[in-house]
Protein chains: 2
Amino acid sequence: MDSRVSLAWEISSLNPTIKDMHVNPPQPDTLISVQGFVKNIRQFRKVGFVDINDGSIFKNLNVTLKNPTEIPDLKIGQSLNVKGDWVVSPGKQPFELVYDSKNPNHEMKIVGDIAEDYPVHKEMTVAHLRQFPSLRHRTSSLASILRLRSFLETKFMEFFNSRNFTKVTPPIITSSDCEGAGEVFKVEPVEKTEEAFFGKDSYLTVSTQLHLEALSLALNRAWTLTPCFRAENSKTTRHLSEFWMLEAELSYIDNLDQLTGFTEDMVRYVTKSLVKDVLEKGTSANIDETFESGDGADLLGSSFGSNEQVLKRWSALLTPDKWPRMTYTEAVEHLNKQLPREEQIVWGDSLLLKHEKQLAENSPIFITDYPVSQKPFYMLKSKDFNPDKPTVACFDLLIPEFGELAGGSLREHNYDILLQDMKNHGMNLEDMEWYLTLRRNGTIPHGGFGLGFERLITYLSGRESLRDISAFPRAPSLCSC
Amino acid sequence: MDSRVSLAWEISSLNPTIKDMHVNPPQPDTLISVQGFVKNIRQFRKVGFVDINDGSIFKNLNVTLKNPTEIPDLKIGQSLNVKGDWVVSPGKQPFELVYDSKNPNHEMKIVGDIAEDYPVHKEMTVAHLRQFPSLRHRTSSLASILRLRSFLETKFMEFFNSRNFTKVTPPIITSSDCEGAGEVFKVEPVEKTEEAFFGKDSYLTVSTQLHLEALSLALNRAWTLTPCFRAENSKTTRHLSEFWMLEAELSYIDNLDQLTGFTEDMVRYVTKSLVKDVLEKGTSANIDETFESGDGADLLGSSFGSNEQVLKRWSALLTPDKWPRMTYTEAVEHLNKQLPREEQIVWGDSLLLKHEKQLAENSPIFITDYPVSQKPFYMLKSKDFNPDKPTVACFDLLIPEFGELAGGSLREHNYDILLQDMKNHGMNLEDMEWYLTLRRNGTIPHGGFGLGFERLITYLSGRESLRDISAFPRAPSLCSC
């Protein structure tokens, strides 16, 4: 594979990607090699066109074929090396590669052919593609989602670095049960040992919050983006058994508004960055045209989801100046005004998905101060605590169509109260001594939240199911490789 | 806690951190609130000094106490709020906070007292501190390591973004066995279901490489920083049961030099970034003085490890213009020249840790082209394959004192050869069909590597044991919380 070209924009010994060619195009009229999968073929008698793409960017690279009759049998899905002339294009793209089979300096090689039963075709639905877990990301739409995920992670890093957070890695295997939910996975070596491998029963974490608290108290502010696991037997589009959770903890906050304000800033920051990137990368300043032309090319494209749907969702996040806040108690009253008599909610009831969707019909909304009975042991009591209707200083962030995107709270930082709360929840105090000791020694008011990363990506990409967002989704009966 | 101050450098509704105060100091002679743990106390009759730190930076903030006799009983480890005058300091630091108990605008509040048995004291070894998993990161040295980790992750992200990589998240739970080693953890729900929860036996990944290949072939280049798990019953300072692995895969490479060159670029990039950051943040341009004064303050400090040790290690990575390469076969010859007769190695033997240390005595070194028999099924045969001494196109990156830091290879991309290799390794072909199909459909020459993230941090921070690098280390008999 003699495809090295010496170009100023090469920063390493690697071949240029198709993204390189689009973003920093080489000098026209030079001999260039490119590689990628065949995405489209149009062959006529005197001329042919092949679009190739290597997955580095949404936009294909156009190859024009001279003397197409002498060209090998191209098929969609093959991987190809083409060496030809890089020229100013008469077509829509600024440049194209011209391959002339009669030119002795030109080369075209099918590096990887496809099998007769190559299963990935153009008009497949994302649901159908799930059958081919290792090939499905060769489609433009699913590759777009992976690039979007990477982009968002970069922007989260930027956001948290600018606010003096330390990124940390709490443990995946734990002997503590954060949510007390019971629906957890147990971890044991395949070759069982006489005594427990870790000295005690060990599980996959359902939330790293308790460990994250310990680290953020030491570091002032800490965040993580980390796998979490739930052994729930639910097969909805909104749940996975393995998912990535963004969790953050902040020391020295004692007001729930600080936490909701911070969460809103964060989601707005990454969404604005995304919109900015799509507009800047597009040749058009109009976001709608950018989608249509497939020129908002790095992250997105016309196959990225329904344009209308994507725009509607981005705008739902960014249009309101400030997302509304409402307490649980207000939310119950608000819903009851709209609900028919037989569906009225009583204070203390859980809000169902349909209620959440109703509350977030037009805009994201923070619902705060839920009843104590609905929430875990570690939450601080509400500022205006009412013993008749006891609530905790927490929030759920609900977004249109989806319901819950994130949830957080101030944490009880008083040792005596926390101890009593843990007893009330029937917790094993000995196992939790490491956590309690945080309150006995230099305790600090603090709070934090968790956000389901796949849910955010699903929302921002105009998709419906987390199974198309996770590269290799895990759910009941789903772990094929 | 009325400690809000309105300053231009505040970018959110959060209180400023001590890092903020150092990096963008407020106007002198203003009233300021700060929070942090008490780190040092020196009280005299007429004046006192308290150093506080909130974990956002290595450098403490100095508080000068006027009328110290009226000041509450301060102890190391307490969390404190202090409101006082921010003034130009007559001491070593440019600014200090002056608290005068007689000034009605000033305030000092012990937010969190310590227990009688507060276990974290100044002169403890890191080994002793491991007994206090949730408190140990309040020490300057262990907090430094967490900030270093976060810094390095940011720099890796920069590096890979600049080279058109997509960051991906291969699965943690898998039904495929990447290394065929058998020392894996099994995953099952606590409440066992009649049939396997995932439909088949499922394990924690030992390396995400196989899945990463599928993604990188779709995206051209992909990387991940992800937890991996090994159920080995080994309790060395160099191993953990749960660790984070940096893995990268690159399409369209067919030369091992491209892979070693890329790996070297990457490790140099993050190391150079670290050195640059320490030098720039320090008031002194001399790295040695920077350590001494504790002014290379954001990541490091004089308690960061032995200065000499850190400098020696950084310089070992950066001093050689290019790290040497040597084949396994050459390495055996080279070692045999130095080894006594009774310790001679025979071609085909594994290199032991002592051999690795010897090879990397003065500089990192790539050992390439190991015998087929020592390596997994997926590796491409060496370029100059010799059937009498069959080798594969792979490398181990060895570093001084430590031995292996990273390992990688070109991958066999020919379907027929890979199929035969898998049969030779006695693998279950049906289970691996998802992987084999990558070679049947648009196959591409490619390669990649994995690097133990905790090992790199241990090395760069001048430390010895991975247990001080991992926030909550997991090893046999070690999962206390």
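**Chains A and B: interface and sheets**

Let's start with the salt bridges: chain B and chain A have four between them. The criterion is a side-chain nitrogen of Lys or Arg within 4 Å of a carboxyl oxygen of Asp or Glu. One salt bridge joins the side chains of Glu153(B) and Lys167(A), at 2.4 Å from N to O. On the chain B side that touches chain A, helix H3 (residues 140-162) gives the largest share, ten residues. Helices here are DSSP runs of H or I, at least four residues, and strands are runs of E, at least two, numbered from the N terminus.

Some ground rules. This is a predicted model, where local features need pLDDT of at least 70 and side-chain atom pairs count only at pLDDT 80 or more, while totals for chains, interfaces and linings use all residues. Residues are numbered from 1 along each chain as its sequence is written, chains are lettered from A and ligands numbered from 1 in the order in which they are written, and side-chain values use heavy atoms, without hydrogens and water.

Now the whole interface. 112 residues of chain B contact 112 residues of chain A, with contact meaning heavy atoms within 4.5 Å. The two chains bury about 9600 Å² between them, 59% of it on carbon and sulfur atoms. That area is the accessible area (1.4 Å probe) lost on putting the two parts together, summed over both.

Next, pairing across the chains. Strand S9 (residues 185-189) of chain A runs antiparallel to strand S9 (residues 185-189) of chain B, joined by five bridges. Two strands pair if DSSP finds at least two bridges between them. Lys186(A) has Glu188(B) as its bridge partner in S9(B).

Then the sheets inside each chain. In chain A, eight strands form an open sheet, ordered S7-S11-S12-S17-S16-S15-S14-S13, with mixed pairing. Its edge strands are S7 (166-167) and S13 (325-327), each pairing on one side only. S7(A) pairs in the parallel sense with S11 (residues 221-229) of chain A over two bridges. There, Lys167(A) stands opposite Trp223(A). Lys167(A) also forms the salt bridge to Glu153(B).

Chain B has an open sheet of eight strands too, in the order S7-S11-S12-S17-S16-S15-S14-S13, with mixed pairing. S7 (166-167) and S13 (325-327) are the edge strands of chain B. S13(B) runs parallel to S14 (residues 365-368) of chain B, with three bridges. Thr327(B) has Thr368(B) as its bridge partner in S14(B).
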